[in-house]
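Subject: Handover of a structure

Dear colleague,

Please find below the structure that I am handing over to you. My findings follow directly after it.

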Amino acid sequence: MAKKVIQINKNPVYEIGMISTVFCKDTEFYGDLKFSKSLQINGYMEGEITSEGFLVVGEGATVKANIKARTVIIMGTVHGNVEALDRLEIQTNGKLYGNIKTSKLKIADGVVFEGSCEMIKSYDKSGVPADAPVESAVQ
């Protein structure tokens, strides 16, 4: 018999996974923000963002911060530099006013981007370049 999957949590689901925390449109956050899993910002945020997980800047959101995360998806407006170790995706209505550092970049039609872009090597979760040679322990 097939098992049914029931989604109780109403948080958004993206191809990289489900969002664990959502800041609603009415939320304003000022300060430094660190998190390890995933976050979607739909309101206003000002400060610094650091994460080992992924960040989604929702449609209509405004973020004034330098961002460093594993994956970043922008559907709203970001004023600040973005360093996405795995991937940066700017969707159709997204606006980014700042510099980009990432290993993978996807920009849709209709995006506003003012800044420079630097492509970096891809890293695994331990911080080792993905294309680094693997040393054998057997001698």
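Strand β7 and strand β8 (residues 62-74) pair in the parallel sense over 4 bridges; strands here are DSSP runs of E with at least two residues, numbered from the N terminus, and two strands pair if DSSP finds at least two bridges between them. Within this pairing, L55 has V72 in β8 as its bridge partner. Strand β5 (residues 38-41) also runs parallel to β7, and 4 bridges join them. There, Q40 stands opposite V56 in β7.

This is a predicted model, in which local features need pLDDT of at least 70 and side-chain atom pairs count only at pLDDT 80 or more, while totals for chains, interfaces and linings use all residues. Residues are numbered from 1 along each chain as its sequence is written, and side-chain values use heavy atoms, with hydrogens and water left out.

Strand β7 (residues 54-57) is covered on both faces: F54 and V56 are buried on one side, and L55 and V57 are buried on the other. Buried means under 20% relative accessible area, exposed means over 50%, and partly exposed lies in between (1.4 Å probe, protein chains only). In a regular strand the side chains alternate between the two faces of the sheet.

S38 belongs to strand β5. This serine is buried, because its relative accessible area is 5%. Leaving aside neighbours within four places in sequence, S38 is in contact (heavy atoms within 4.5 Å) with M18, I19, S20, T21 and F54. A polar atom of the S38 side chain lies 2.7 Å from the backbone nitrogen of S20.

Turning to the aromatic rings, a search of the whole structure finds 2 aromatic pairs. Rings of Phe, Tyr and Trp (its six-membered ring) pair if their centres lie within 6.5 Å; planes under 30 degrees apart count as stacked, over 60 as edge-to-face and the rest as tilted. Y30 and Y44 form a tilted pair, with 5.7 Å from centre to centre and 50° between the planes. This pair links distant parts of the chain, as Y30 is in strand β4 (residues 28-35) and Y44 in strand β6 (residues 44-51), 14 residues apart. Y30 counts as exposed because its relative accessibility is 51%.

Finally, how many disulfides are there? The count comes to 0 disulfides, taking a disulfide as a pair of cysteine sulfur atoms within 2.5 Å. C24 counts as partly exposed, at 48% relative accessibility, and C117 is partly exposed, at 39%.

Yours sincerely

Terms used
Polar contact = N/O pair within 3.5 Å; in protein donor to acceptor, adjacent residues only side chain to side chain.
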